[in-house]
Amino acid sequence: MHEHSDVEALHGARNNRVIWLLLAASFVVILNETIMGVAIPHLVDDLDISISDAQWLTTAFMLTMAVVIPITGYLLQRFATRPIFIAAMSLFSAGTLIAALSPGFEVLLLARVVQASGTAIMMPLLMTTLMTLVAPSDRGRLMGRVSIVMSVAPAIGPTISGLILNSLSWRFMFWLVLPIALVMLVIGIRRVENVSEPRAIPIDVFSVVLSAFGFGGVVYGLSLIGSETGGSVLGAAPMWIALTVGALGIAAFIWRQIALQPDDRALLDLRTFRSGNFAVSIGLMAIMMAALFGTIILLPIYLQNVLHLEPITTGLLLLPGGLIMGLLGPTVGRLFDRLGPTPLLVPGSIVVSAVLWSLTLVTDQTSPWLLLIAHIALSAGLAFMFTPLFTSALGSVEPRLYSHGSAIVGTVQQVAGAAGTALFVTIMAAQSLTSASTGATAEVAAASGIRAAFLVGAILSLAAIVGAFFVRKPADMMEGAPVAH
């Protein structure tokens, strides 16, 4: 008996070490998703490119993740934990080095794509490992830590880049991350143990191609909405072609996966959607991610281009919200284990919606302090949503489909984030152009564009309030969770 408890303790220590290392590595790689936001004005000057070009450094990162993540459902079943971790951190480190050394925009864009390939593998690896190793009754608490990684890392990206850009070149955003990434890689090579059982399954190349065309086309099409040429029929043609190719690609991808599922050969097994709870949670997550990434990209542009604040001030204004989201993560996780999702999701969705509606009132004279309060409130509302949604979604999936569920969560998160970024920025650009053509000053025109973008986000958020009432606690978590009084 004593020997059995010793083995269990050793097993528990190994599992904890693997989870903590994956959490730390995921935090570092996801931080890079939004670190470019505050740097956009600097890159425009330094590399002599347009704002829409610079925006691609963030959009291409998320787009690459949206294309690579569907493949991770397959990779996590085919290979053991350790080689997958080493591959992910090696790609990320290589991309970071190329970015730091890049001579111009094209190489920097390539570097972001390489970085994103590593990041894409890391998140599903973390989620699948956690769902496999952690008892249902403790999942809320652990998912609270995952939500720190998934929400705080992107939220504090602008702060860190603001602090760096105050006194150093944009290249240092990569030089400072590189040694941390390399240390994680070395620790992983020495310490990560295999906690999964790989299975020899063939990859369906046709599914990979369809997924790239589908998700890539949709995000690219969204990024063209409201571009300088978007107003003319000629300018609108590439946008409609991209969106049509994307929609057809996703439809063909879904058809292909359904055909392959009976033989367990699907790249992304869509039987996870047989759970209504999974489907509703995923839908809500898409709306919240679009709102989060859209806001993260718009606020720095507003604070710098309209209110003319320094990058350092912009970064510091966005820091409290990111920290509050992080501090609330574990608490929300424990509350989820006790109370279930509804008491957390309903107030969270109402707060997020209220903040987005309030941001539709900004002008070229709005006080930065009001934006600070709005950002803190938005971060708190999102913190009450992410942990319950991640936990409810994955807890509703059969254990054999965990890797596919994790890949779907990651894919939706990236497509929604890229769509939110593209949609918010392009609506802002279109409305700003319209205002400028009537003779408005640059600041008034930019503020007008930002109001229009937040209006779209605010309307979307109303659907999240309705959806919040329909998410249920997964059945296997009911048994282990204490009854709430």
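Buried means under 20% relative accessible area, exposed means over 50%, and partly exposed lies in between, with a 1.4 Å probe and protein chains only. With that in hand, Asp48 is exposed, at a relative accessible area of 69%.

This is a predicted model, in which local features need pLDDT of at least 70, side-chain atom pairs count only at pLDDT 80 or more, and totals for chains, interfaces and linings use all residues. Residues are numbered from 1 along each chain as its sequence is written, and side-chain values use heavy atoms, with hydrogens and water left out.

**Loop residues with positive phi**

Asp48 sits in the loop between helix H2 (40–47) and H3; helices here are DSSP runs (H or I, at least four residues), numbered from the N terminus. The phi of Asp48 is near 55°, a positive value in a residue other than glycine. His308, too, has a phi near 55°, positive although the residue is not glycine. You will find His308 in the loop between helix H11 (276–306) and helix H12 (311–339). Gly439, which follows H15, has a positive phi near 100°.

**Helix spans and burial**

Let us turn to the helices themselves. The expected span of a helix is 1.5 Å times one less than its number of residues.

| Helix | Number of residues | C-alpha span, first to last | Expected span |
|---|---|---|---|
| H4 (residues 81–101) | 21 residues | 31 Å | 30 Å |
| H15 | 36 residues | 52 Å | 52 Å |

H5 is mostly covered, with 22 of its 29 residues buried. H15 is mostly covered as well: 28 of its 36 residues are buried.

In H4, the buried residues are Thr81, Ile84, Phe85, Ala88, Met89, Phe92, Ser93, Gly95, Thr96, Ala99 and Ala100. Viewed down the axis of H4, these buried residues fall within an arc of 160°, so they line one face of the helix. The arc is that of the directions from the helix axis to the C-beta atoms.

**How the helices pack**

For each, axes are lines fitted to C-alpha atoms over the stretch in contact, and angles run from 0 to 180 degrees between N-to-C directions. Angles under 35 degrees count as roughly parallel, over 145 as roughly antiparallel, 65 to 115 as roughly perpendicular, and the rest as oblique. A crossing is left-handed if the near helix is turned anticlockwise from the far one by less than a right angle, and right-handed if clockwise. Contact means heavy atoms within 4.5 Å.

The axes of H4 and helix H8 (residues 177–191) come within 9 Å and cross at roughly 160°. That makes H4 roughly antiparallel to H8, and their crossing is left-handed. On the H4 side the contact includes Arg82, Phe85, Met89 and Thr96, and on the H8 side Val177, Ala181, Leu185 and Gly188 are among the partners.

Helix H3 (residues 51–78) packs against helix H15 (residues 402–437) at an angle of about 165°, with the axes 8 Å apart. H3 is thus roughly antiparallel to H15. H3 passes H15 in a left-handed crossing. Among the H3 residues that meet H15 are Gln55, Met62, Ala66, Pro70 and Gly73, while the H15 residues include Ser403, Ala407, Gly410, Gln414 and Thr421.

H11 and H12 pack at an angle of about 150°, their axes 9 Å apart, which makes H11 roughly antiparallel to H12. H11 passes H12 in a right-handed crossing. The contact is made by Leu292, Leu299, Pro300, Leu303 and Gln304 of H11 with Pro311, Thr314, Leu317, Leu318 and Met325 of H12.

**Two buried residues**

Gln257 belongs to helix H10 (residues 233–260) and is buried, with a relative accessible area of 0%. Setting aside residues up to four places away in sequence, Gln257 touches Ser207, Ala266, Leu267, Leu268 and Leu270.

Ala446 lies in helix H16 (residues 442–468), and its relative accessible area of 16% makes it buried. Leaving out residues up to four places away in sequence, Ala446 touches Val306, Met428 and Ser432. Ala446 and Ser435 are eleven residues apart in sequence, and their C-alpha atoms are 8.2 Å apart in space.
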